[in-house]
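Here are a few exercises to work through with the model open beside you. Try each task on your own before reading its solution.

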Amino acid sequence: MEPMENIIESLADYGWCVVPGFLPEAETAALRVECLLPHAAGAFHAAGIGRGQARIRSEIRGDHVLWVEEIKAGPALRAMLERFETLRREVNQALFLGLLDLETHFAVYPPGGGYQRHLDRFRDDDRRSLTVILYLNEPDWSEEDGGQLRFWPDPDAAPLEIPPAGGTLVTFLSDRFWHEVLPANRQRLSLTGWFRRR
Ligand code: OGA
Ligand code: MN
């Protein structure tokens, strides 16, 4: 698959990659519904920080999450998890990262919610190796809606601001890149995961 090759090359050269339109809108819309139904049913919980996600600090992180193991995956989620599995195998073949499994959750940021600048690898758990974020927002998401991912390819240079357009896939080495979620003025949706090594 073409885009997979580009992702692998980008990860090899830079350690990060942004692919707008990775998932076609029809599939993004189906996945959005599979996120919003359990959300409407109250199945999400406030995201925590640190290992075990035990501490809730909404001033640091304002999203609500639903781990995919907690639900019976619908067809759109199953199809996306298969794509992630393809990515895992190809990354392992090309980059020898030894990625073993994926932990994934849907994330819903309410209006005004963000996530302060952080790295994805916890001090007490160094297994998270490759982060993947797939945005599930409506196609009419605009710049004024905010919610950009502020991403530092180089910690000493200006960050990028990546709009969370539905279907965009962002992937990066979890321990290397500082990033931050800017508050949005509407609900902001994603499927986010971390490939882990042993
Ligand atoms: C995270 C995170 C970024 C985003 O969940 O750790 O940084 O754009 N998410 O949702
Ligand atoms: Mn993060």
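## Exercise 1: The sheet and its strands

Strand β4 (residues 101-109) and β11 pair in the antiparallel sense over nine bridges. This is a predicted model, so every value below is computed from its coordinates.

**Task.** Find the order of the strands in the open sheet, and say which strands are at its edges.

**Solution.** Start from the pair just given. Within it, Val108 is opposite Leu189 of β11. Next, turn to the other neighbour: β6 and β11 are antiparallel too, paired over seven bridges, and there Thr131 stands opposite Trp194 in β11. Extending the pairing gives an open sheet of seven strands in the order β1-β9-β6-β11-β4-β3-β2, with antiparallel pairing. The edge strands are β1 (16-19) and β2 (45-46), each of which pairs on one side only. At the β2 end, two bridges join β2 to strand β3 (residues 64-67), and Ala46 has His64 as its bridge partner.

## Exercise 2: Both faces of β11

**Task.** Work out how many of the nine residues of strand β11 (residues 188-196) are buried, and which residues lie on each side.

**Solution.** First, recall that side chains in a regular strand alternate between the two faces of the sheet. One side of β11 holds Arg188, Ser190, Thr192, Trp194 and Arg196, while the other holds Leu189, Leu191, Gly193 and Phe195. Residues on both sides are all buried. Nine of the nine residues are therefore buried, and β11 is largely enclosed by the rest of the structure.

Now look at which helices lie across this strand. Helix α2 (residues 25-40) lies across β3, β4, β6 and β11, at about 75° to β4. Helix α3 (residues 75-95) lies across β4, β6, β9 (169-173) and β11, and runs at about 40° to β11.

## Exercise 3: The manganese site

**Task.** Which protein atoms are donors of the manganese ion (ligand 2), and what spacing do they follow along the chain?

**Solution.** The protein donors are NE2 of His118, OD of Asp120 and NE2 of His179, lying 2.1 Å from the ion. Along the chain, they follow the spacing H-x1-D-x58-H.

## Exercise 4: Rings and charges

**Task.** Classify the ring pair of Phe172 and Phe177.

**Solution.** Two quantities are needed: an aromatic pair is described by the distance of the centres and the angle of the planes. For Phe172 and Phe177, the centres are 6.4 Å apart and the planes are at 80°. Edge-to-face requires an angle over 60 degrees, so this pair is edge-to-face. Phe172 is buried, with a relative accessible area of 0%, and Phe177 is buried as well, at 2%. Together with Trp16 and Phe151, these two form one aromatic cluster.

Charges over rings complete the exercise. The charged end of Arg117 sits over the ring of Trp152, 4.5 Å from its centre. Likewise, the charged end of Arg188 sits over the ring of Tyr109, 5.1 Å from its centre.

## Exercise 5: A loop proline

**Task.** Is Pro139 buried or exposed, and which residues does Pro139 touch?

**Solution.** Locate Pro139 in the loop between β6 and β7 (149-151). Its relative accessible area is 58%, so Pro139 is exposed. Leaving out residues up to four places away in sequence, Pro139 touches Glu25 and Arg32.

Definitions and conventions
Residues are numbered from 1 along each chain as its sequence is written. Chains are lettered from A and ligands numbered from 1 in the order in which they are written. This is a predicted model: local features need pLDDT of at least 70, side-chain atom pairs count only at pLDDT 80 or more; totals for chains, interfaces and linings use all residues. Side-chain values use heavy atoms; hydrogens and water are left out. Donors are N, O and S atoms within 2.8 Å of the metal (3.2 Å for Na, K and Ca); water is not among the atoms, so sites may look incomplete. Buried means under 20% relative accessible area, exposed over 50%, partly exposed in between (1.4 Å probe, protein chains only). Helices (H or I, at least four residues) and strands (E, at least two) are DSSP runs, numbered from the N terminus. Two strands pair if DSSP finds at least two bridges between them. Contact means heavy atoms within 4.5 Å. Axes are lines fitted to C-alpha atoms, for helices over the stretch in contact, and angles run from 0 to 180 degrees between N-to-C directions. Rings of Phe, Tyr and Trp (its six-membered ring) pair if their centres lie within 6.5 Å; planes under 30 degrees apart count as stacked, over 60 as edge-to-face and the rest as tilted. A charge sits over a ring if NZ of Lys or CZ of Arg is within 6 Å of the ring centre and within 35 degrees of the ring normal.
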